[in-house]
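Here are my notes on this one, in numbered points. Have the model open while you read.

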Amino acid sequence: MPKRIQFSQTGGPEVLEVVDAAPDEPKEGEVRVKNHAVGLNFIDIYFRTGLYPAPSLPSGLGTEGAGVVDAVGQGVSHLKEGDRVAYALGPLGAYAELHVLPAEKVVKLPEGVAFETAAGCMLKGLTVQYLLRQTYRLQKGETILFHAAAGGVGSIACQWAKAMGVKLIGTVGSKEKAELAKKNGAWATIDYTQENVVERVRELTQGDMVPVVYDSVGKDTWETSLDCLQKRGLMVSFGNASGSVEGVSINILNQKGSLYLTRPSLAGYADSHQRLEQMSGELFEMLESGKLKIDIAQRYPLDKAGEAQAALAERKTTGSTVLLP
Ligand SMILES: NC(=O)c1ccc[n+]([C@@H]2O[C@H](COP(=O)([O-])OP(=O)(O)OC[C@H]3O[C@@H](n4cnc5c(N)ncnc54)[C@H](OP(=O)(O)O)[C@@H]3O)[C@@H](O)[C@H]2O)c1
C-alpha cells in the first residue's frame with residue numbers, strides 16, 4: 001500500500017505519522033503524480049504547528065514535488081500518463097508516494113531538470129521569481145537586503161540576483177552560512193546574530209540604504225528591516241520563520257519614511273495555469289542556462305519527515321531539503 005504522511009493534531013514533529021493509504025483516483029480536472037522527490041518548506045511547519053490552519057484534520061502535508069503522472073482524470077488536456085512533472089501549490093498531501101491534485105497546478109518538467117532539482121526549487125524558485133521580478137521589478141545595479149540568505153529561498157535569491165546584476169546583501173546566522181551565501185553570489189553578508197544590521201547596511205550602501213527589503217524571518221527582524229529602507233522604500237514581508245509580525249500600527253510606515261509594505265504569497269502570484277507556466281518557464285530557463293544551481297544539501301527518506309522538519313526549524317539546514325519516497 002502507498003505511504004503518506006499525515007497529522008491528526010497540530011504540534012511538534014512527533015505529530016507526523018506514516019500511514020498506508022489506498023490510492024485516490026483523480027476526479028475531473030485532476031491528475032495523480034507518483035512522486036520521485038518531495039520538497040520540504042517552512043510553510044509545512046506552519047501547517048503542522050497550526051500557525052496556518054489545515055482545512056481539516058487528519059490532513060496530509062506538503063505542497064511541492066516532482067515525479068511522473070500516474071493517472072489522469074476527465075477533461076485534462078495538457079498532461080498524460082507517463083509525463084515528467086512538478087508542482088509547488090495545491091492541496092496539502094505532497095509528503096506521499098502518490099499525490100492527487102488539480103492538473104492546473106502541475107507543469108511538465110523539461111528533460112534536463114532532474115526530479116530532485118525540481119522538488120528542491122519549484123516552490124522556492126517560483127517564490128524568488130515573483131519576489132525579484134514581480135513584487136519589485138529589480139534593475140541591474142540596485143542593492144537589496146535579503147534575510148536568511150543561506151536557506152532554501154535565500155540560496156536561490158543570491159544566484160538569481162547575481163544573474164540580474166543586482167547587489168544582494170544577505171543576512172545569515174553563522175560564518176559558514178555567510179560563506180555559502182557569498183559562494184551563491186551574495187554581494188555582501190551580515191551575520192545578524194553578531195552584527196548591527198542597520199549600521200552594516202548604512203556602511204555598505206554609503207548611507208543610501210536599500211530600496212527594498214525581503215524579509216521572511218518575520219517577528220525578529222521586522223523593525224530592523226524597516227530601518228534599512230530608503231524613504232518610500234518597499235518592505236516585502238513574506239514569511240514568519242521566527243514568528244509572525246503582529247500588532248503593527250500602520251503609522252510606523254509614515255514614521256520610518258513613507259514606506260510601502262506588502263505581504264505576498266506564491267499562491268497569490270501563480271494564481272492561474274497561464275501564470276504558473278510563465279513563472280516556471282523562467283525558472284526552468286535559469287536552471288537550464290546554468291545560472292541557477294539547486295543545492296540539495298539535505299535528503300531524508302519520506303518516513304523521516306519529522307526529523308527533516310526539526311532540522312529546518314532549528315536552523316540546521318542550508319539550501320534545499322528533499323524527502324525521498
Ligand atoms: N510568501 C511566500 O510566497 C513564501 C514562499 C516560500 C517561502 N516563504 C518563506 O521564506 C522563508 C524561507 O523558507 P525556506 O523553506 O527556504 O526556509 P529556510 O530559509 O531554508 O529556513 C529558514 C531560515 O530562516 C532563518 N531564521 C531566522 N530566524 C529563525 C528562527 N527563529 N527559526 C528558524 N529559522 C530562522 C534561518 O537561517 P539563519 O540561521 O541564517 O538565520 C533558517 O535557516 C520562510 O519564512 C518561508 O515561510 C514564503
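1. Helices here are DSSP runs of H or I with at least four residues, strands are runs of E with at least two, and both are numbered from the N terminus. Alanine 148 isn't a glycine, yet its phi is positive, at about 55 degrees. Alanine 148 is also buried, with 27 other C-beta atoms within 10 Å. (Buried takes 20 or more other C-beta atoms within 10 Å of the residue's own, exposed 12 or fewer, and partly exposed is in between; the C-beta atoms are placed from the backbone.)

2. Before going on, a word on provenance. This is a predicted model, in which local features need pLDDT of at least 70 and side-chain atom pairs count only at pLDDT 80 or more, while totals for chains, interfaces and linings use all residues. Residues are numbered from 1 along each chain as its sequence is written.

3. Methionine 209 goes on the list with a positive phi as well, near 60 degrees, and it is a residue other than glycine. For context, most residues other than glycine have a negative phi, and most peptide bonds are trans. Methionine 209 sits in the loop between α5 (197–204) and β12 (210–215) and is buried, with 20 other C-beta atoms within 10 Å. Not counting residues up to four places away in sequence, methionine 209 touches Val201, Arg202, Cys228, Leu229 and Gln230; contact means C-beta atoms, placed from the backbone, within 7 Å. From methionine 209 to arginine 232 it's 23 residues in sequence and 11 Å in space, C-alpha to C-alpha.

4. Check the peptide bond between leucine 57 and proline 58 too: it is cis, with omega about -5 degrees. Proline 58 is in the loop between α1 and β4 (59–60).

5. Which residues does threonine 63 touch, not counting those up to four places away in sequence? They are Ala88, Leu89, Gly90, Leu92, Ala94 and Leu123. Threonine 63 belongs to the loop between β4 and β5 (65–72), and it is buried, with 27 other C-beta atoms within 10 Å. Lysine 183 is 120 residues from threonine 63 along the chain, and their C-alpha atoms are separated by 29 Å.

6. Tyrosine 95 is another loop residue, between β6 (84–87) and β7 (98–102). It has 31 C-beta neighbours inside 10 Å, so it counts as buried. Its contacts, leaving aside neighbours within four places in sequence, are Arg4, Ile5, Val38, Gly60, Leu61, Gly62, Leu302, Ala305 and Leu323. Alanine 149 is 54 residues from tyrosine 95 in sequence and 26 Å from it in space, C-alpha to C-alpha.

7. Now for α2 (residues 115–135). Its 21 residues should span 30 Å at 1.5 Å a residue, and the end C-alpha atoms are 28 Å apart, which agrees. (The expected span is 1.5 Å times one less than the number of residues.) There's still a kink of about 50 degrees in α2, centred on cysteine 121; the bend is the angle between axes fitted to the seven residues ending at a residue and the seven starting there. Since 17 of the 21 residues are buried, α2 is largely enclosed by the rest of the structure.

8. Valine 322, in strand β16 (residues 320–324), is buried, with 27 other C-beta atoms within 10 Å. Leaving aside neighbours within four places in sequence, valine 322 has contacts including Glu116, Ala119 and Gly120, along with Ala37 and Ile296.

9. Last, a helix pair: α1 (residues 42–49) packs on α10 (residues 305–313) at about 105 degrees, with the axes 10 Å apart. (Axes are lines fitted to C-alpha atoms, for helices over the stretch in contact, and angles run from 0 to 180 degrees between N-to-C directions.) That makes α1 roughly perpendicular to α10, a label for angles of 65 to 115 degrees. Phe42, Asp44, Ile45 and Arg48 of α1 meet Gln309, Leu312 and Ala313 of α10.

Key
Parallel < 35°, antiparallel > 145°, perpendicular 65-115°, else oblique. Contact = placed C-beta atoms within 7 Å.
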